[in-house]
Amino acid sequence: MNALHDFILMIIGPDGQAKELTLLQISIRGLIIFIAGLTMVRVGDRRSLSQKTAFDAIFIVLLGSMLSRAINGAAPFFPTIGAGVILVFIHRGFAFVAFRSHWFGKVIKGVDETLVRNGEIIWKTMAQCLVSKHDLEEDLRLDAKTEDISEIRVARLERSGDISFIKKERS
């Protein structure tokens with residue numbers, strides 16, 4: 001068992017001693033963490049890669065931050081990978097509960113807010129969500145392909161932070 005431990009230590013270098021790691025050891029750590037991280041995200045929730053909500057964005061940032069410490073030797077290599085796996089299961093578990101419970105989903109993922117109804121801007125909601133008229137107009141041009149707010153039946157600030165538009169039906 002000591003021979004295996006010594007071999008692994010030679011390949012990935014010592015934990016907690018970032019100054020003692022060679023370029024090759026950091027590269028090998030990076031490769032292993034890349035494969036482990038990719039596996040974790042693929043097993044976890046592919047949707048989190050698109051960062052649909054703050055819930056998903058925080059997960060990706062935490063996972064990346066945690067795993068990076070294993071690459072540079074600032075944290076123990078294998079326990080950090082284990083903690084990453086646990087973080088994936090926590091994210092997956094919360095997503096499962098949010099799928100089953102609308103209330104819990106609203107708590108961790110947020111709710112959408114209506115910004116425009118029947119061509120009329122709802123200024124109070126715009127102010128509460130800190131969406132400026134210029135932000136709304138930019139998304140109106142980019143996503144709804146119009147500059148005329150009166151063409152919009154409803155516009156919502158989605159949980160992801162994107163603004164979605166549904167145009168009025170033409171008569």
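This is a predicted model: local features need pLDDT of at least 70, side-chain atom pairs count only at pLDDT 80 or more; totals for chains, interfaces and linings use all residues.

User: Where in the chain do D112 and R156 sit?

Analyst: D112 is in the loop between α5 (102–109) and β1 (113–117), whereas R156 is in strand β3 (residues 152–157). The pair is 44 residues apart and links distant parts of the chain.

User: Is D112 buried, exposed or partly exposed, and what about R156?

Analyst: D112 has 35% relative accessibility, so D112 counts as partly exposed. R156 is also partly exposed, at 27%.

User: Which side chains meet in the other bridge?

Analyst: Those of E137 and K133, with an N to O distance of 3.6 Å. Both lie in helix α7 (residues 133–144), and because they are 4 residues apart there, about one helical turn separates them. E137 is partly exposed at 27% relative accessibility, and K133 is partly exposed at 42%.

User: Changing topic: which helix holds A36?

Analyst: A36 lies in helix α2 (residues 23–43).

User: Why does A36 count as buried?

Analyst: Its relative accessibility is 17%, and buried means under 20%, so A36 falls in that class.

User: And how far apart are A36 and N2?

Analyst: They are 34 residues apart in sequence, and their C-alpha atoms are 25 Å apart in space.

Conventions
Residues are numbered from 1 along each chain as its sequence is written. Side-chain values use heavy atoms; hydrogens and water are left out. Helices (H or I, at least four residues) and strands (E, at least two) are DSSP runs, numbered from the N terminus. Buried means under 20% relative accessible area, exposed over 50%, partly exposed in between (1.4 Å probe, protein chains only). A salt bridge is a side-chain nitrogen of Lys or Arg within 4 Å of a carboxyl oxygen of Asp or Glu.
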